[in-house]
Amino acid sequence: MLLVDITFWGLSVVAIGAALGVVLVRDLFRAALLLVVVFLAVAGFFVLLSAQFLAVVQVLIYAGAIAILLVFAVMLTKDVPHGNLPNRLQVPAAMVAALLLAVLVAVAAATQWQPVPLAQQEQVAVVQTGSAGLANLLVSDYALAFEAVSVLLLGAAIGALALLRGRPEQAP
Amino acid sequence: MSCQLAAGNILYENPLLRWVYDIAGTVAPCWAAYLAAGLAFMLLLVNGVLIGTAILTWAERRILARFANRIGPNRWGPFGLLQPLADLIKLLTKESLTPRSADRIVFNLAPILMLMPALLVVAVVPFARNIALADLSIGVLYVLAISSLTILAIFMAGWASQNRFALFGAARGVAVLISYEVPVVLSLLGVVMLAGSMSLNDIVAAQAVPFFLVQPLAFFVFFTGVSAELNRTPFDVAEGESEIVAGYHTEYSGIKFAIMQAAEFGGTITASAVIVSLFLAGWAGPLAGYLGWLWFLLKLGAVLFVFIWVRATFPRLRTDQIMAFSWKFLLSLALINLVATALEVYFLRGDSRTLTTVDLWVMAGINLALAAVAIGAFGRLNRAQVQRVRPPLPVLAPAGAPAGKAV
Amino acid sequence: MISESFIWAILLLPLASFVVIALVIRPFLDRASALSGRVLIGCLTVALALSLWTLAATAGGAVPDFQPHPWLDVGQATVALGLLVDPITAIMLVVVTGVSLMVQIYSQGYMRGDPSYSRYFAYMSLFTGAMIGLVLSSNIVQLYVFWELVGVASYLLIGFWHHRPAAAAAAKKAFIITRIGDVGFLLAILYLFSQADRFAAAGLDPFHIPDIWQAAQPLATGGAVLGGAALTWVLLGIFAGAAGKSGQFPLHAWLPDAMEGPTPVSALIHAATMVAAGVFLVARFYPLFLASPNAMTVVALIGAFTAFMAATMGLVMNDIKRVLAYSTISQLGYMMAALGVGAYGPAIFHLFTHAFFKALLFLGAGSVNHAAGTFNMRYMGGLRRFMPWTYALTLIGGLSLVGIFPLSGFWSKDEILAAAWQGGGSVEMWVSRLTLGLLLAGVLLTAFYTWRLLHLTFHGEFRGGGEREQSDLAASAPPAAAEVPQHHGAAPAGNHPSGVHLAESPWVMVLPMAALGVAAVAAGFVANPQWVQRLVIFPAHWLTDFLDAGLEHGLGAAAEAVHPIVPKFSLEVALASTAAALVGIGVAMLLYRSRASEAIRDPLERMGPVHRLLSQRYYVDALYEGILVRRVFYRAVAGALDWVDRFLVDGLVNLVGCSVRGVGRGAALFQNGQVQWYGVMIAIGSLLILAGYLVLG
Amino acid sequence: MTLQAMLIVAAILFCIGLYGALARRNVIAVFMSIEIMFNSVNLTLVALGRYVAPHALAADIESALTGQVFAVFIIAVAAAEVALGLGIVFALYRNTESVDLTEAAQMRR
């Protein structure tokens, strides 16, 4: 499928370019915006991978919520235009990342992946595209994990509140 | 005629698009024909929204004027109908300023990004039976996800302007958007539960009884929340001109200002379209097969009128009141609605796992009563609490206090 | 037929009472601490009723066979919680709950006003529950658990007045000495466990008590897992535990000191129940003992020797409770000796009767103390006039202890003597005869010290009681201390003023004594009638026959091969023992009647070195404490350990510490607080792991 | 578009994120990099779920969704992580007026 391939490579270029921007750009605000681009590109990947639900959730949660939080954080801390400085670990970090990339690529390329049987590809595509199967799994097989995650979210919300609650009485 | 569309495809169902597809199919490869047909539909939608925006600006001004016992624009064209065109030309020819200290790229990107969600959301709205650009199975989520991107655009506009008022406006707007996202999403759960699907087309088809009757609380919460998210007047703290000049679009002028205005009014139109689909049974009506688009436009007009009506009626809320309204009032109502709907669906649907029309009427009765009680009760409760809020006394920073502790 | 849950209730009622008292009343309702006694009494009343029902059901011929409830599977063995209800258990249940109930009622008066009133009853409930559990256990591990619980409870009770150094020391001593015996018991259990494979091969469980009985039986009857020297050593281990608890000869030293506890505790624990646990343990494993004549010989000889030796020490004690303590040791020796010579029924019969009359005597001693304010008999005398009820009841108990004709002690003691006389057990004849001789001598001595006790306490003139004792002690502190070195803290603290108020004890104390007195009179002949065909509902030799039936049931198919002897009543023995008793009484009367009024000096002191030997308890305590503990333990062992600890262990520890510190100093260089530095390390680590997989895998 | 290509793109994203997480001074930039890493992991999971057959596929067609389920959980956990993490960042900023990770070394001793 030409269309799919073009989309894929386009998204790849965008995603990787934006990700590089996030880690290299000095201006933190622009980095945050580039991060949103990465998120949206990943959402595009999800659509290509027939995970529509995840794509939308990706936009909703990452682009719509997490990115906003990060932008807020950027805004509330100082020296944004030159805020994204590298530290002394640049060289080792780059080396480690490059080595890891080499290993991961080698593994991805060398592994004999066991593909989905032809007979079931159609079925799998239908199941993966619809959100009903995911919903069923979340409330049946993974119900416990689901509950645990919801408790985690609640705890995180309360924890964040507790961390940031003002201390008006202590002001001089 | 080498290309065939599968039955059930959106393009196949729509005679106009099918015609475009068939014509293109004779001269181009199939994917290109598909692309062409899709683009044609998109053009239709985008232009429809933009033209609708123009009409809405005129309508709003006229109607507001009537509410204020004035006449409104009436010079240019019949009933002043060409007034938007005049405004457009004026704005296009004005100088488009960019502040020197602004972040130029982001500053220019923001209005475009602001218009985008308004246009993208229309893609899933069914204008007539089975006629939408994309009948996504997760349409409701898509609407929510795309519209949440507006926050980012507002932020970009406010930040890139390097203007304190713009930043204040953006911060207020973001706070409002984040707060109202929660009750809005929760209120839609009831609708999705009733329809058993997140596709807008299915939801419209499921409305044997319009959902604003079956889900009055959800309708109320959604309508209110959406007006807040659109920065429409009772909730327009983000651009309150009496307080912070013009909020996040203080520094915008010329064509960029025009695009922002278009985005705002376009957002109102798409939101109304979504409300029509979710709560007012969309294209449903007599002879829906042929006149669906007409019913849809009529209902759209009605919803838009209510928006304008609300704007004309209510005074602007204070920032803290807006927050309290969302968290203490709308969220409670949305939760009540969610629990009530879940229980009703659980008990009313029979072994067939579907809801009959009778079931829907029963639910409508229960929920209307519940809505009256809940809105009344929480209204009293919150009024008592809101009255107690006093504006904070101005705090003068003592000399020598460290600056920048404003977090 | 009684159901299993009712029997569990017997066990759980006192434990529940413990929980209620310890966790509810004591922390929250301390003002209403009077409740605690009533809670326990209520529980025990029900438990006693259920025990009687159990006894009736068991006597009706139905020996309930309850399935144990598995708790832990340990390889081939199963630690289960189960009930083993056979005649001896049924009788022990009645004894424990009955005596305990009486003692608790008595304690209501005796402990009144004690600041730790509810703590006392909490301990008492724990003790009673543990004892009942010990009696009921069908699993040897379960039994061991309750066995140790009994030990713990007795430790707590002996040291009840822990603010008195003597009580604390006595508690420690009791705990440690019984623990020495328990090591033997534990080793026996471990040996059984080590043989789990062989047990399993025979289809048996090494922890299940009936299976252990079975294991010692001949091959023909499905046993022969245990035998020969190994069996003897196992039995000696079990007997070591029993000797520890029952105060048999080498391990007897703790029991007299244990009199530091409150008197009702002494009555319950050190007369009726806990010390009887040792006898019960030997009886519980009697089918095994029957298979090993060597072990039986040891049991018989140690029992007989203890009976004699303890009686001699009892002659010279001045503390009324110590006399009774030695008497208890002596009587336990009788029971052990009986078991040794093969008289299973008589031994338990004596346990049964002894529980009643000895508890009665202890309660009497407590009652006397209540009036005289001291336990020292030299300062008593003439109490007969002030407390007639106590006198009468103590007299009954004393006569029963001596074994005077119609009283219960006579019947049980004579059965033991008759068994020793007739022989026929698995021990050789000379052992039986030697045992008989020692026991008969013991009868004479028993009669003597009993009469001495009665004389010094109740006859003659009153000699001042606790107040006089205090002043005497104050006047000549060093000599008095030297003369009675073990007599710590003559004046009991707590609620027992050393003040004298010569009057009968309150009814709440006298009434249980009276009940025990009735039992002391009747338990012998009524429960085990001789000469007659049938006494009301009991046929002749009912109790012993009942017990033997239970034993035979336990033995199963092997019952024909090894038979416990059932002694016939023997007029010669009865006459001999009565004569010995009368001689003893007569001598005591002669010696003490004239001295009744001013017996500050004991006529026995004229015996010089013998008296000193006896009053120093054959120097056994001195041996234990002076030589074993001080010399061997403190100097040699502890010295060596000290050296090892100081140079070897400490050196190692310091070495480890120094090296860890060095490594830590080095590793701390990596901990620079830079999170991203750690991140790089993590990444490098994962890279290494990945690379390892790629290269090796 | 093949599985390998998808995985390699995800790997590249992951390594970029790793580099960013290790080499940036600003805590918020580190957060952003970590989010990129989360995303690449999600991408890997979904891609594998799309192309690689799980063992249980023949019996249970829904097992093809395992990758997506995991991605959903990762997204939820990431949301919690960001909420708390930014809370900590703000607390840090309030106390030290700095979001420089290299200066936040109080844990050293």
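Figure 1. Helix α3(B) gives the largest share of the lining of the second largest pocket, eight residues. This is a predicted model: local features need pLDDT of at least 70, side-chain atom pairs count only at pLDDT 80 or more, and totals for chains, interfaces and linings use all residues. Side-chain values use heavy atoms, without hydrogens and water, residues are numbered from 1 along each chain as its sequence is written, and chains are lettered from A and ligands numbered from 1 in the order in which they are written. The pocket has a volume of about 2000 Å³. Its lining has 40 residues, and Val47(A), Gln52(A), Met42(B), Ala134(B) and Leu136(B) are the closest to its centre. At least two lining residues come from each of α1, α2 and α3 of chain A, and from each of α1 (10-13), α3 (30-67), α5 and α6 of chain B. By class, the lining splits into 33 nonpolar, six polar and one charged. Helices (H or I, at least four residues) and strands (E, at least two) are DSSP runs, numbered from the N terminus. Ala, Val, Leu, Ile, Met, Phe, Trp, Tyr, Cys and Pro count as nonpolar; Asp, Glu, Lys and Arg count as charged; the others, Gly among them, count as polar. On a 1 Å grid over the protein atoms alone, a pocket is an open set of points with protein on both sides within 12 Å along at least five of seven lines, a cavity is a set where a 1.4 Å probe fits but cannot get out, and lining residues have an atom within 4 Å of a point. Points are joined across faces, edges and corners, and a volume is the space filled by probe spheres set on them.

**Figure 2. The largest cavity, with chain B residues nearest its centre.** The rule counts six cavities of 30 Å³ or more. The largest holds about 420 Å³ of space. It is lined by 24 residues; Ser147(B), Thr150(B), Glu229(B), Leu230(B) and Gly267(B) lie nearest the centre. In chain B, α5 (104-121), α6 (139-160), α7 (164-195), α10 (216-229) and α12 (254-279) each supply at least two lining residues. α12(B) gives the largest share, seven residues. The lining has 17 nonpolar, five polar and two charged residues.

**Figure 3. The contact between chain A and chain D.** It takes 87 residues from chain A and 75 residues from chain D, contact meaning heavy atoms within 4.5 Å. The buried area is about 7300 Å², and carbon and sulfur atoms give 76% of it. Buried area is the accessible area (1.4 Å probe) that two parts lose on being put together, summed over both. Four residue pairs are in polar contact, both at pLDDT 80 or more. A polar contact is a pair of N or O atoms within 3.5 Å; within protein, one must be able to donate a hydrogen and the other to accept it, and residues adjacent in sequence count only if both atoms are side-chain atoms. On the chain A side, the largest share, 13 residues, comes from α3(A). That side divides into 66 nonpolar, 17 polar and four charged residues.

**Figure 4. The contact between chain C and chain A.** Eight residues of chain C touch seven residues of chain A. About 750 Å² is buried, with 89% from carbon and sulfur atoms. The chain C side has seven nonpolar, one polar and no charged residues.

**Figure 5. A salt bridge within chain B.** Arg61(B) pairs with Asp87(B), their closest N and O atoms 2.9 Å apart. Arg61(B) sits in helix α3 and Asp87(B) in helix α4 (residues 83-93), 26 residues apart.

How values were computed: A salt bridge is a side-chain nitrogen of Lys or Arg within 4 Å of a carboxyl oxygen of Asp or Glu.
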